[in-house]
Amino acid sequence: MSAILVLTLFHTLISLVAVVAGLGLIRRLIGNGKDGILAQWFLVTMAVTLVTGFLFPFNGATPAINVGILCTVILLVTLYARYRGRLAGFWRPTYVAGVMLLIFFNTLVLIIQSFQKIGPLHALAPLGNEPAVFACQLILLLASLATGIVAVLRFRPSVSVARASIPSA
């Protein structure tokens, strides 16, 4: 098995774990529960997703590279809001928005890659700009906006969550 294939498989697997952890985290945020271990899983798997994404051969700026750079900035702000800002004041909605944006972009890439790589989906949209792809992206955008607004309004971390420390490596 080639190194690039191993990297692709690992990157894909960790990206899927990030999506699942992120969806669980959103559920916790909407339910005003503690974000604890789900936040750590999500943030770590997103970081690994981003790092492994930058390990692929570079052939100039692409939408994937641009999304990776944007998500890296969002991740850094989200980490700061969670662990240094302690979710206090402005940092609470910043954290929730960061989580939502990271999940949105990771899921958006999942949708695009699915239409490119999964046979039946590719048959529906061989160019990637057909109505089926647009519909999936629009549904994701609307669901993300609605969920994000509800999460910002409902998530009110307790003192124990707000005083969480940075996890050590």
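Predicted model: local features only at pLDDT ≥ 70, side-chain atom pairs only at ≥ 80, totals over all residues.
Two packed helices are described by the angle between their axes and the distance between the axes. In this model, helix α2, which covers residues 36-53, and helix α3, which covers residues 63-84, have axes that come within 10 Å and cross at roughly 150°. Because angles over 145 degrees count as roughly antiparallel, α2 and α3 are described as roughly antiparallel to each other, and the crossing in which α2 passes α3 is left-handed. On the α2 side, the contact is made by Gly36, Ala39, Gln40, Leu43, Met46, Ala47 and Leu50, and these residues meet Gly68, Cys71, Thr72, Leu75, Thr78, Leu79, Arg82 and Tyr83 of α3. When the residues of this contact of α2 with α3 are sorted by class, nine are nonpolar, five are polar and one is charged.

Helix α3 also packs against helix α4, and here the axes come within 8 Å and cross at roughly 150°. The helices α3 and α4 are therefore roughly antiparallel to each other, and α3 passes α4 in a crossing that is left-handed. From α3, the residues in this contact are Val67, Leu70, Cys71, Ile74, Leu75, Val77, Thr78, Tyr80, Ala81 and Arg82, while α4 contributes Trp91, Thr94, Tyr95, Gly98, Val99, Leu101, Leu102, Phe105 and Val109. By class, the contact of α3 with α4 is made up of 15 nonpolar, three polar and one charged residues.

A further packing partner of α4 is helix α1, which covers residues 3-30; the two helices pack at an angle of about 140°, and their axes are 10 Å apart. The crossing of α1 and α4 is left-handed. In this contact, Ser15, Leu16, Ala18, Val19, Gly22, Leu23, Leu25, Ile26 and Leu29 of α1 meet Tyr95, Val96, Val99, Met100, Ile103, Asn106, Thr107 and Leu110 of α4. The residues of the contact of α1 with α4 divide into 13 that are nonpolar and four that are polar, with no charged residue.

With a relative accessible area of 0%, Tyr95 is buried. When neighbours within four places in sequence are left aside, Tyr95 is in contact with Leu25, Leu29, Asp35, Ala39, Thr78, Ala81, Arg82, Leu87 and Phe155. The C-alpha atoms of Tyr95 and Leu140, which are 45 residues apart along the chain, are separated by 20 Å.

Leu101 is likewise found in helix α4, which covers residues 91-117, but Leu101 counts as partly exposed because its relative accessibility is 37%. Although Leu101 and Gly148 are 47 residues apart along the chain, their C-alpha atoms are separated by 8.7 Å. In helix α2 lies Thr45, a residue that is buried, with a relative accessible area of 2%. Apart from residues up to four places away in sequence, Thr45 touches Ile14, Val17 and Ala18.

The backbone of the loop between α3 and α4 was examined next. Most residues other than glycine have a negative phi. Arg86, which is found in the loop between α3 and α4, has a positive phi near 55°, and Leu87, which lies in that loop as well, has a positive phi near 60°. As for accessibility, Arg86 is partly exposed, with a relative accessible area of 35%, whereas Leu87 is buried, with a relative accessible area of 4%.

Finally, the aromatic side chains were considered. A search of the whole structure finds four aromatic pairs. The rings of Phe104 and Phe105 have centres that are 5.2 Å apart and planes at 70°, so this pair is edge-to-face. Both Phe104 and Phe105 are buried.

Methods:
Residues numbered from 1 in each chain as written. Heavy atoms only, no water. Helix = DSSP H or I, 4+ residues; strand = E, 2+ residues; numbered from the N terminus. Buried < 20%, exposed > 50% of the residue type's maximum accessible area, 1.4 Å probe, protein only. Phe/Tyr/Trp six-rings, centres within 6.5 Å; stacked < 30°, edge-to-face > 60°. Axes fitted to C-alpha atoms, helices over the stretch in contact; angles between N-to-C directions. Parallel < 35°, antiparallel > 145°, perpendicular 65-115°, else oblique. Left-handed = near helix turned anticlockwise from the far one by under 90°. Contact = heavy atoms within 4.5 Å. Nonpolar A, V, L, I, M, F, W, Y, C, P; charged D, E, K, R; others polar.
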